[in-house]
Amino acid sequence: MKQLNLLVLILLMAWSGAMAAEPVSRIAAVVNDDIITTYQLEQALQKHLSLQDKTPSPAQLDAVRRELLSRLIEETLVKQRIAILKLSVSEEEIETAVLDVQKQNKLTREALEQAVRNQGLSFNAYRENLRQQILRYKLISADVRSKVDITEQEIVEYYRAHLEEYRRPAKVMLSALSFPLEAKSDQFQREAVLVAAKEAVGQLRGGESLETVAAAFHDDYAAASLNLGAMVLSEISPEFAVALESVAEGDYSDPVQSGNAVFILKVDGNESGGLRPFEAAKGEIYQMISDQKTDAQLKDWTKGIKRQAFIDIRM
């Protein structure tokens, strides 16, 4: 009998030791019919700390823990509200979102999947994250954005108060042929480059393309054709501004030195400046005001669902 009692005691000690080695998960908060455990909170805390450069002090750690618990409570309330409204996201909607991400970032599916893996996520987990984002967007649209009211007068008043933001600067679209100058080149070498550049201008004005002329002068002068894109007239260098004064669209400037290179500029097009019309800016202004009002109402909405909910914080 004594041997049996001893065996039971040993087993009990081993069991209690194993239990002590495991993390004990307690209730951190009750949110209506759901609970948030201390284990969930600690997981969120560890994820947060892994993204920080410095280890917080005990006081800072306690503040972070309280903030994370508040976020977990809000997330729980959001999930409950989504369930009440019976919102859902189809696989087609998720696929459309994935394709949008690919398009915006100019990625193939394989490249996107690799980028996701580099972040330590499986692609299935990434799709689930997208599902949750879409659900949240639908909830905000149903509960918050649908209640945002924007009048035509508000849009007009914003436009009139921010006219300077809608003034477009005059721009010129440029391409160029460049002849680099070595930092230690002497006067004779510089003059030789200028002579070559003048010869190149003659060929360009005679109908040869930038690429053809660049190739012809590349071996001796390292000439290269460049696409400079759209440049704001008021911001281009003084040298370029002078060179372009009498150059018509489609024509070439005389050679001009700027920095450590000689350039021949081609005017590919002009974009006149002026005030952007109200009708062209209207949609953009509407979206901006809508976002501002939605953000403000979202805070009130969050406070509202918290007030209406049963929340019992137990730590």
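By class, the residues lining the second largest pocket split into 5 nonpolar, 2 polar and 2 charged; here Ala, Val, Leu, Ile, Met, Phe, Trp, Tyr, Cys and Pro count as nonpolar, Asp, Glu, Lys and Arg as charged, and the others, Gly among them, as polar. The model is a predicted one, in which local features need pLDDT of at least 70 and side-chain atom pairs count only at pLDDT 80 or more, while totals for chains, interfaces and linings use all residues. Residues are numbered from 1 along each chain as its sequence is written, and side-chain values use heavy atoms, with hydrogens and water left out.

The lining of that second largest pocket consists of Pro180, Leu181, Glu182, Ser185, Gln189, Val193, Asp220, Tyr221 and Ala222. A pocket is worked out on a 1 Å grid over the protein atoms alone, as an open set of points where a 1.4 Å probe fits, with protein on both sides within 12 Å along at least five of seven lines; lining residues have an atom within 4 Å of a point. The second largest pocket has a volume of about 150 Å³, a volume being the space filled by probe spheres set on the points, with grid points joined across faces, edges and corners. Helix 8 (187-205) and helix 9 (210-221) each hand at least two residues to this lining. Helices (H or I, at least four residues) and strands (E, at least two) are DSSP runs, numbered from the N terminus.

Those two helices also sit against a sheet. Helix 8 lies across strand 4, strand 6 and strand 7, at about 35 degrees to strand 7, and helix 9 lies across strand 4, strand 5 and strand 7, at about 30 degrees to strand 4. Axes are lines fitted to C-alpha atoms, for helices over the stretch in contact, and angles run from 0 to 180 degrees between N-to-C directions; contact means heavy atoms within 4.5 Å.

The sheet itself is open, has 4 strands in the order 5-4-7-6, and pairs in the antiparallel sense. Strand 5 (224-232) and strand 6 (256-257) stand at the edges with a single partner strand each, so one side of each has no neighbour in the sheet. Two strands pair if DSSP finds at least two bridges between them. Strand 4 (residues 171-180) and strand 7 (residues 261-271) run antiparallel and are joined by 10 bridges. Lys171 has Glu271 of strand 7 as its bridge partner, and Ser175 stands opposite Lys266 in strand 7. Strand 6 and strand 7, also antiparallel, are joined by 2 bridges, with Val256 partnered by Phe263 of strand 7. The hairpin of these two strands has 3 residues between the strands, and Gly259 there takes a positive phi near 65 degrees.

A second sheet is open too, with 3 strands in the order 2-1-9 and antiparallel pairing. Strand 2 and strand 9 (311-313) are its edge strands, each pairing on one side only. On average, and ignoring direction, neighbouring strands here are turned by 15 degrees against each other. Strand 1 (residues 27-31) pairs with strand 9 over 3 bridges, and Val30 stands opposite Asp312 in strand 9. Helix 3 lies across strand 1, strand 2 and strand 9, at about 35 degrees to strand 1.

Helix 3 turns up again at the largest pocket, where its 9 residues are the biggest share of the lining. This pocket holds about 960 Å³ of space. Of its 20 lining residues, Lys47, Arg71, Leu72, Glu75 and Lys79 lie nearest the centre. Strand 2 (34-37), helix 2 (38-50), helix 3 (58-85) and helix 6 (123-143) each supply at least two residues. The lining has 8 nonpolar, 6 polar and 6 charged residues.

Helix 6 has two packing partners to report. The axes of helix 3 and helix 6 come within 10 Å and cross at roughly 70 degrees. That makes the two helices roughly perpendicular, the word used for angles of 65 to 115 degrees. Val78, Arg81, Ile82 and Leu85 of helix 3 make the contact with Leu135, Arg136, Leu139, Ala142 and Asp143 of helix 6. These residues divide into 6 nonpolar, no polar and 3 charged. Helix 4 (residues 91-105) packs on helix 6 at about 105 degrees, with the axes 10 Å apart, and this pair is therefore roughly perpendicular as well. Among the residues in contact are Ile94 and Val98 of helix 4 and Phe123 and Leu130 of helix 6. The contact of helix 4 with helix 6 has 8 nonpolar, no polar and 6 charged residues.

How values were computed
Angles under 35 degrees count as roughly parallel, over 145 as roughly antiparallel, 65 to 115 as roughly perpendicular and the rest as oblique.
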